[in-house]
Amino acid sequence: MRQKKELSYFLLKLEEYLNDYHPEKLQDKAFTNARAEEALTVYLEAIEQGHDHLQAEELASETMFRGLHFSANDTVRTVLENEFEAELPEPLPEKLAPILLGSQAVKEVMQKYDLNDEFDGTSEYELLYTELTGTIALLIEENKLPTVDA
């Protein structure tokens, strides 16, 4: 019973993270269940090896969030919030980010880069951010999206 509670904890923690940063992965139950189970296994093995609960949870979190540190969704939302704040006030950036991520233009920009866990904060990230800003500005203009200034 205790392991089931711990598995639920990791699953809930992962789903909360995915909801904020990788909403496209949230529906993949095989992925979320496998990651939560893998995190639980790492946690239990760490406890067996003498780690305290905080250390064990840290190791489990590293496993659970592997490959998920960079978020295209969060990056697009950040561009919208920082560069289009006057035109698109809250909650528009959060609602518009997944729509823009589905657009061919934004997909093409994202495909140019190696989006891995170490990508955020690199000079390549700065190029992506700049290119996304221009692409989003064009999409807003081309699609005549209503803005506050309109």
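## Largest pocket

The largest pocket of this predicted model holds about 280 Å³ of space. A pocket is an open set of points on a 1 Å grid over the protein atoms alone, where a 1.4 Å probe fits, with protein on both sides within 12 Å along at least five of seven lines; its volume is the space filled by probe spheres set on the points. The pocket is lined by 16 residues, of which His-22, Glu-24, Ala-72, Asn-73 and Leu-115 are the closest to its centre. Lining residues have an atom within 4 Å of a point.

At least two lining residues each come from helix H4 (72-83) and helix H6 (104-111), and H6 gives the most, with 3 residues. Helices are DSSP runs (H or I, at least four residues) numbered from the N terminus. The lining comprises 7 nonpolar, 5 polar and 4 charged residues; Ala, Val, Leu, Ile, Met, Phe, Trp, Tyr, Cys and Pro count as nonpolar, Asp, Glu, Lys and Arg as charged, and the others as polar.

## Basis of the model

Residues are numbered from 1 along each chain as its sequence is written. In this predicted model local features need pLDDT of at least 70, side-chain atom pairs count only at pLDDT 80 or more, totals for chains, interfaces and linings use all residues, and side-chain values use heavy atoms, without hydrogens and water.

## H2 and H3

The axes of helix H2 (residues 29-48) and helix H3 (residues 53-64) come within 8 Å and cross at roughly 150 degrees; axes are lines fitted to C-alpha atoms over the stretch in contact, and angles run from 0 to 180 degrees between N-to-C directions. H2 is therefore roughly antiparallel to H3, a term for angles over 145 degrees. Their crossing is right-handed, meaning that the near helix is turned clockwise from the far one by less than a right angle.

Contact (heavy atoms within 4.5 Å) involves residues including Arg-35, Glu-38 and Tyr-43 in H2 and His-53, Glu-57 and Met-64 in H3. The contact residues divide into 9 nonpolar, 2 polar and 3 charged.

H4 and helix H7 (residues 123-142) pack at about 65 degrees, with axes 10 Å apart, in a right-handed crossing. Among the contact residues are Val-76 and Leu-80 of H4, and Tyr-125 and Ile-136 of H7. This contact has 8 nonpolar, 4 polar and 1 charged residues.

H6 and H7 have axes that come within 10 Å and cross at roughly 170 degrees, and the two helices are therefore roughly antiparallel. Ala-105, Val-106, Val-109 and Met-110 in H6 meet Leu-128, Glu-131, Leu-132, Thr-135 and Leu-139 in H7. By class, these residues are 7 nonpolar, 1 polar and 1 charged.

Conventions
Angles under 35 degrees count as roughly parallel, over 145 as roughly antiparallel, 65 to 115 as roughly perpendicular and the rest as oblique.
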